[in-house]
Structures are given as C-alpha cells and as structure tokens.
Amino acid sequence: MITPLKIQKMKKEGIKIAALTSYDFSTAKYADEAGIDLILVGDSVGQVVLGYDSTTKVTLDDMKVFTRAVVNGAKNPLIVVDMPFMSYHTGVFEAVKNAGELIRLGAGAVKIEGGFDYIIDTIKQMTKSGIPVMGHLGFTPQYINVLGGHFVQGKNLKNTIEILEAAKKIQDAGAFSLVLEMVPDVCAKYISENLEIPVIGIGAGKYTDGQILVVDDVLGKFDGFSPKFVRKYADIKTTIKNAVSSYVKDVKEQTFPEINESFQLKEDEYEEFESYINKERAKILS
Ligand code: KIV
C-alpha cells in the first residue's frame, strides 16, 4: 500500500509519480490494477460527474459518497481526497473535524488549496492531528470567483517566487506533497527543484516530480472543455454513445434479448406451465 512517505521517497529516488483522479468504484479498481501510484478524489467531480459549472458547488457530503466508492475500489494507491469549498475556510477546528471525517472513511490524505496564513495554520493542525495533507498552488479552482477565470499562474519571475515562498510555508507546515496547476514549465521546474516535498503537476510541464490529470479527460469521457495540457488516451464518449445506440436499436428491433440471454424453464416445468395456462384459457372461453 502506498503511503505519503512512499510518495516522498519516490522524489528522492527520482521515480516519477503517476496520479489520476477517480470518483467511482470500478474506475478506481482498474486504475489500481493498472499501477497508478496516487488517486485523487478531486472536487473536479463537481464538473465531470455532477455537471456543475464550478467546483465551488461541491459539498463535504458529496465528497464522502465518492470517497467511499474509491476506497472500496482501490487498495494499493494512496487515496487523497479534496476538501471541498468552504469545508476548511471557516476555521481550523472545523477544517480538522471535516478532514477527520474523510480520513475515517478510508482516505489516506486530504488536499487543500491556497497558501494564505489560515491555510498554513490549518495544515499545521491537520498534520499534528495525524492527517496527511497535500497542498495545491498555481491555479486554484476553488478561488475561481476571485481569480476571474482559468488563467495560467506564475507567468513572471516575481509571481514564480511568490508561489515558491507559499510552497515553502506549506512544506514547513507539514504538507507531504504539493499539486501545482497551470504554471509555465520553467516556473514548475524551479519550484520542484527548490522543495523537499514532491510536486505533482497538472498543466505544469515535464519537470515536476509527478503528473496528475482528471480521469474523465484522460479517458475522453468529459466533453465540456479540454485544456491544452490534457492527453486523451481513449475515446470513451464515442464508445458509450455507440454502445447505447446499438442497444436502443436492438431493443426496438427485438433482437435483444436472445434465448441465451434469458431464463428458460426445464422441459417438465414448461409442460406443467403450458397445461395450466391452457386449462385457464379454456375456462375463460367456456
Ligand atoms: O479536483 C481535481 O481534479 C484537482 C486536480 C485538477 C488536481 O484538484
């Protein structure tokens, strides 16, 4: 079973960390069987599963349902769960309590976004309470209404140094790793090289200690929007549409189900059944 410590060891040994989001039992199981190191039950579930326009609509109760499903499906990878919007912003006590509920469900760690002072205090307290924390800097989707859109962060030296300073505070507070989202590759390289903890990039180029993508993007299932950093490894959307339209056609044309796709009575039971029906029919007609 992969622990936060093993994820840190991978950086030291120069082994790249392969991470992916997952939200359901079977995808988590297959990702585990395929060798994924880390599964994030991301609040991107809001967009790709629940159909919301932003992650800010996801609740702690939503995250609990998807956490249970992933924990049941994946046994080896480290399972990190996103703390949703407003589940860690209103006070350290509330944040630790909410994170504890996710850990109790089987999460191996939680992820929180941002580098503000209250986030640093929260990371310290969570770590002291036995809850491993992953930070998240660069583009932070839960701050979309303040950021004003999906903009690349760290686009100049000043901003890169600001991100690195925040990252160092997150590291010193006890976080075991950091997600770095949508920053230029040189910015990500500089930050990764100057941190002890592993940096897992999304839209951050090739120099980070690992990569993470949203599974629905990787599988070609979500067609809402596709950022340039996504690599699509399958076309599940087309597979689903073709399969469902074939099913609809077969039902309408009565070619489904076939005899071998239904249950039959044994010969003597069938005869008994037939004779009973015939007698009943005869009674009605007489
Ligand atoms: O919610 C999510 O999927 C994430 C990734 C984009 C890192 O936070």
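Phe116, Tyr118 and Tyr143 form one aromatic cluster. The model is predicted; local features require pLDDT of at least 70, side-chain atom pairs count only at pLDDT 80 or more, and totals for chains, interfaces and linings use all residues. Residues are numbered from 1 along each chain as its sequence is written, and side-chain values use heavy atoms, without hydrogens and water.

A search of the whole structure finds four aromatic pairs. In the pair formed by Phe116 and Tyr118, the ring centres are 6.2 Å apart and the planes lie at 5°, so this pair is stacked. Rings of Phe, Tyr and Trp (its six-membered ring) pair if their centres lie within 6.5 Å; planes under 30 degrees apart count as stacked, over 60 as edge-to-face and the rest as tilted. Phe116 is partly exposed, at 46% relative accessible area. Tyr118 is also partly exposed, at 30%. The rings of Phe116 and Tyr143 have centres 5.7 Å apart and planes at 50°, so they form a tilted pair. This pair links distant parts of the chain, 27 residues apart. Phe116 lies in the loop between strand 4 (109-111) and helix 6 (117-128), and Tyr143 in the loop between strand 5 (133-138) and helix 7 (144-147). Helices (H or I, at least four residues) and strands (E, at least two) are DSSP runs, numbered from the N terminus. Tyr143 counts as buried, with 15% relative accessibility. Buried means under 20% relative accessible area, exposed over 50%, and partly exposed in between (1.4 Å probe, protein chains only).

Helix 6 also packs against helix 8 (residues 157-173): their axes come within 8 Å and cross at roughly 25°. Axes are lines fitted to C-alpha atoms, for helices over the stretch in contact, with angles from 0 to 180 degrees between N-to-C directions. Helix 6 contributes Asp117, Ile120, Ile123, Lys124 and Thr127 to the contact, and helix 8 contributes Lys169, Ile170 and Ala173. Contact means heavy atoms within 4.5 Å.

Asp82 is located in strand 3 (residues 78-82). Asp82 is buried, at 2% relative accessible area. Beyond its neighbours within four places in sequence, Asp82 contacts Leu40, Val41, Gly42, Asp43, Met63, Leu102 and Lys111.
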